[in-house]
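Hello,

Here is the structure I promised to pass on to you.

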Amino acid sequence: MTPGGGDQDARAARKPTLAVVGATGAVGTVMLELLSTRADVWGEIRLIASARSAGRKLRVRGQEVEVLALSEECFEGVDVAMFDVPDEVSAVWAPIAAAKGAIAVDNSGAFRMDEDVPLVVPEVNAAAVRLRSRGIIANPNCTTLSMVVPLGALHAEFGLKELVVASYQAASGAGQPGIDALRAQTAAVAAADAAGDELGTRTGDVRRAVADTGPFPAPLALNVVPWAGSVKEDGWSSEELKVRNESRKILGLPDLKVSATCVRVPVITTHSLVVHAVFDNEVSVERAQEILATTPGVVLYDDPATGEFPTPADVVGTDPTWVGRVRRALDDPYALDLFLCGDNLRKGAALNTAQIAEVVAAELV
């Protein structure tokens, strides 16, 4: 019996039961959309959220499903439980779900660097789902997910040894409070501008117009904020360290050199990244483009002469990572420079979680 997997024979005659924990949140909402459009591999779908959301009815696969309040009883008979909740909630409840016999697929940061919990991107390391000795599988951070699929494909060809990354992260990376804050700030700035304040012509104009910065350390409207996450040692942020540590674990490269700077930009959804990747073997743009054009989960959109390169406005609402501006480094034949965009609520969160769950579901039938 697979740890946390339950009795395989008893499950063979039916589709697995799925629980979605955090069904009413920003990522949970996208998850329900995905469950209604992807392959029908699930039997019962159980929606779970906090007590204040209990009793709401949400539509999944054409049916109204009542939201249950999070409790141990919710996991009775569940085969796979997907968690789209804060770290502290997952830290408590994912082990409870696993103890009840469910395989927990967690989208928080609670277990990503746990040695006994695989960190999985199905296009890159799907086989790792079997290494779930705790009955828990972790989903990477949305920033890492926005780049690791194309980088995994390039690594398989050229041998990756170093990354320098700058991220341009959307407000929704901070959850619903981030979305709400950007919208409120944008409205405040527009109101001030309509009143004739001519924002941007004097120092501090935007700061005066925005009374509440929300989850951000500075106004995000008409601004960029060179910070995402919490403060860590030596001036690094938690988001920047996640890019390093998670990339190493997913790619199986514990000594990969990674330096990241994470920046928040006034975009609702879709993270963008500039990546400078150094390889063991000499690279060519033509071969890199061939690889990217044929990699599942990647769209190559790369013809700057005709204005073809990805932007968040192109990518939002889509599943793949879009790649453009593929160039060989000016002074290094072993390095490539790329621009990437990925919807942080889809592949960056809900979609990858759903894909992991589907890999597990295939084992159970």
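Below is what turned up, starting with one aspartate and moving on to the cores and the charged pairs.

Please keep in mind that this is a predicted model. D84 is buried but has no salt bridge, and R112, the nearest side chain of opposite charge, is 8.7 Å away. What D84 does have is a polar contact, side chain to side chain, with N107 (3.5 Å). Its contacts also include V20, V21 and M31.

Next to the nonpolar cores. The largest one has 56 residues, and F83, M147, L154, L163 and V275 touch the most other members. Helix α5 (residues 142-158) gives this core its largest share, eight residues. There is also a second, separate core of 35 residues, with V20, M31, I137 and A354 among its members.

Finally, the charges: the whole structure holds 18 salt bridges. One of them joins E157 and R287, with the closest N and O atoms 3.1 Å apart. This pair links distant parts of the chain, from helix α5 to helix α9 (residues 285-293), 130 residues apart. In another, R46 meets E44 (2.9 Å, N to O). R46 counts as buried because its relative accessibility is 14%, under the 20% cut-off, while E44, at 39%, counts as partly exposed. You will also find K15, D40 and R61 linked in a network of salt bridges.

Best wishes

How values were computed. Residues are numbered from 1 along each chain as its sequence is written. This is a predicted model: local features need pLDDT of at least 70, side-chain atom pairs count only at pLDDT 80 or more; totals for chains, interfaces and linings use all residues. Side-chain values use heavy atoms; hydrogens and water are left out. Buried means under 20% relative accessible area, exposed over 50%, partly exposed in between (1.4 Å probe, protein chains only). Lys and Arg count as positive and Asp and Glu as negative; His and the chain ends are not counted. A salt bridge is a side-chain nitrogen of Lys or Arg within 4 Å of a carboxyl oxygen of Asp or Glu. A polar contact is a pair of N or O atoms within 3.5 Å; within protein, one must be able to donate a hydrogen and the other to accept it, and residues adjacent in sequence count only if both atoms are side-chain atoms. Contact means heavy atoms within 4.5 Å. A nonpolar core is a set of buried Ala, Val, Leu, Ile, Met, Phe, Trp, Tyr and Cys residues joined through side-chain atoms within 4.5 Å. Helices (H or I, at least four residues) and strands (E, at least two) are DSSP runs, numbered from the N terminus. Lists of a residue's contacts leave out its neighbours within four places in sequence.
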